Amino acid sequence: NPMGASLHHDGLQDGVVEARAYQLEAVDVALSSSTLLVLPTAAGKTAVAWMVIAEMLERTNGWALMIAPTAALVKQHLDDLELVFDKDSTQPISMSGAIPPSKREGMWNNGRLVVSTPQVVRNDVNRDLLDLSDCCLLIIDEAHHSTGERAEAQVADLYLEFANDPLILGMTASPGSNMQKVEEICNRLQVGRIHLRTSEDDMLSEHLANLEIEELRVRVPNEIRELVEPFIRWQETIVERERRLGRYVMPGAVTHRGLANAMERANLAVRRGQADAYGSMSRIGLAMSLHHLINHLLCQGVAAAKEFLDRKENGEDAEKKNTRNLLRDSRVRALRETLAEMSELHSKVGAVRRLIRERLRRDSESRIIVFATFRDTVTALEQALLDLKGAKPIQFIGQSKRASGTGLTPKQQIERIESFRSGEGNVLIATSVGEEGLDIPTADLVIFYEPVPSEIRTIQRRGRTGRHRDGDVVVLIAEDTRDEGARAAALRREENMQRAVARVGRKLARSTHVDLSNLSNFSVGENGEEISASEFVIAVRKKNRPVLKDVEEITEQNAPTDSGELSPSTFRPRGQTGLEQFNPVED
């Protein structure tokens with residue numbers, strides 16, 4: 001058993017959960033008042049949830065509810081809970097929209113531990129099918145969704161209103177990078193404290209495999225550069241005109257931020273009654289569309305550009321004037337005809353093929369995940385891999401909100417993850433959008449089709465891969481495109497998040513809490529010995545404490561002999577606080 005120390009609690013199966021000191025610290029805090037837990041991905045937020053559930057079910061006669069954003073995640077949580085909890089005393093059940101409401105009513109009262117999507121909970125409380133008064137604990141996975149009109153936030157509202165003695169544990173790796181967002185989550189969940197640990201923390205780092213991130217730069221093929229050329233010129237013309245009008249003011253190359261800023265300025269001008277600003281707004285809107293088109297081609301390839309233009313034609317923007325002008329333009333029409341005839345020729349596709357071919361040649365048992373932003377890219381990549389020896393690609397995309405209806409149902413999503421786990425398929429090609437929190441147990445190579453700020457860091461510190469070895473992460477970066485800036489932005493955002501969370505955490509009105517006082521029912525077994533959980537945590541803290549080095553005494557002879565006295569003229573006169581009060585002394 002590679003686990004090391006194992007955790008004991010009457011409510012949990014013996015020897016299934018690994019004892020980790022930083023998780024026990026989080027459990028201790030979460031039991032003292034409602035808490036927002038911010039841990040890097042793969043540091044085992046769920047394990048913290050299991051322990052808190054076990055303790056609350058022991059302390060009260062109530063039941064515990066855990067919500068997760070998608071059916072695939074609910075299924076994953078249920079599978080884990082069934083391993084961790086004792087079947088007889090706590091039979092975990094899951095609820096989903098697939099079960100008809102008439103049947104759900106009787107099910108809610110059966111189990112002391114329920115996992116569900118938030119929509120089902122909200123709807124059943126509102127239909128009086130579900131009574132939350134005895135619910136002793138609400139766990140919200142991916143708690144950064146708890147804002148605005150999102151179902152997660154509505155469930156929290158209902159729970160706080162109806163539960164006799166509410167306790168909430170919100171868990172996320174990415175609560176947002178500004179204080180307003182973090183504060184909104186804390187207010188909605190009424191948490192008394194935030195518990196933040198970063199992957200740099202010594203108590204965590206020994207449990208996290210550090211994946212090597214490799215950036216692979218690819219040249220954008222000339223055919224694509226040539227296709228893009230007229231659109232870059234067109235965008236330049238628009239921006240030049242807006243610069244002359246004083247609406248586009250950011251120096252340097254045209255960026256999305258520059259365009260957004262220009263749009264705000266044009267908007268202001270309209271409000272001030274400048275009639276010519278309407279023209280500016282529609283031109284800047286057009287430039288934004290062009291900007292997206294250019295980036296789709298350069299950073300993503302043919303398929304993504306096709307999808308982008310089709311979406312423009314059939315999406316919600318189809319009625320907008322600048323969309324119609326864009327699609328009517330002869331340059332765009334010509335581009336669409338060219339693209340329709342073209343197969344995917346972006347060099348990133350070749351790079352993905354090459355990486356997968358090499359990996360499978362080295363180890364035919366490998367499991368690989370490719371993340372791409374656009375569904376069309378996912379489809380194009382699957383096409384490109386079909387004839388690769390040994391590659392068995394599976395597409396994984398979110399549910400469809402769009403009219404095209406090409407999404408996967410929750411049931412299909414679950415099936416596809418299962419077939420990836422079992423090895424029926426060995427290359428999972430996923431859109432990174434709806435897939436947060438998916439436990440991707442066995443991948444040893446993760447390829448990002450482009451740098452996505454949030455996901456890369458998330459996966460970078462992902463726990464050890466299924467076979468207990470460090471995996472690799474490869475990020476494809478198209479040279480001389482916006483891919484290059486996206487990578488730097490990712491790291492900045494991470495730091496901002498930690499700063500924002502720490503700031504909000506300091507402002508919260510904490511109830512007092514005696515350190516490690518909530519862990520008396522937990523104990524830890526290591527090498528045949530059993531100690532209390534609090535002793536275990538204290539021992540680990542001691543081990544990770546920074547060591548102070550002994551300072552050597554400086555012997556007198558090394559001391560400088562001449563102390564070089566300063567002449568009084570360099571002193572600042574008493575009462576002088578700044579340079580403006582400086583009066584040079586007259587000789």
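Axes here are lines fitted to C-alpha atoms, for helices over the stretch in contact, and angles run from 0 to 180 degrees between N-to-C directions. Helices (H or I, at least four residues) and strands (E, at least two) are DSSP runs, numbered from the N terminus. The model is a predicted one, where local features need pLDDT of at least 70, side-chain atom pairs count only at pLDDT 80 or more, and totals for chains, interfaces and linings use all residues. Residues are numbered from 1 along each chain as its sequence is written, and side-chain values use heavy atoms, with hydrogens and water left out.

Take helix α3 (residues 71-84) and helix α17 (residues 410-422) to begin with: their axes come within 8 Å and cross at roughly 50°. The two are therefore oblique to each other (angles under 35 degrees count as roughly parallel, over 145 as roughly antiparallel, 65 to 115 as roughly perpendicular and the rest as oblique). On the α3 side, the contact (heavy atoms within 4.5 Å) is made by Ala71, Ala72, Lys75, Gln76 and Asp79, and on the α17 side by Pro410, Gln413, Ile414, Glu418 and Arg421. Sorted by class, that gives 4 nonpolar, 2 polar and 4 charged residues (Ala, Val, Leu, Ile, Met, Phe, Trp, Tyr, Cys and Pro count as nonpolar, Asp, Glu, Lys and Arg as charged, and the others, Gly among them, as polar).

Now for another helix pair. Helix α1 (residues 21-30) packs against helix α2 (residues 45-59) at an angle of about 45°, and their axes are 9 Å apart. That makes α1 oblique to α2. Gln23, Leu24, Ala26, Val27 and Ala30 of α1 meet Ala47, Val48, Met51 and Val52 of α2. This contact has 8 nonpolar residues, 1 polar one and no charged ones.

An open sheet is formed by 3 strands in the order β1-β15-β16, with antiparallel pairing (two strands pair if DSSP finds at least two bridges between them). At its edges sit β1 (6-8) and β16 (529-532), each pairing on one side only. Neighbouring strands are turned by 30° against each other on average, direction ignored. Strand β15 (residues 523-526) is joined to β16 by 4 bridges, and Ser523 has Ser532 in β16 as its bridge partner. Helix α20 (residues 533-543) packs on this sheet and touches β15 and β16, its direction making about 90° with that of β16.
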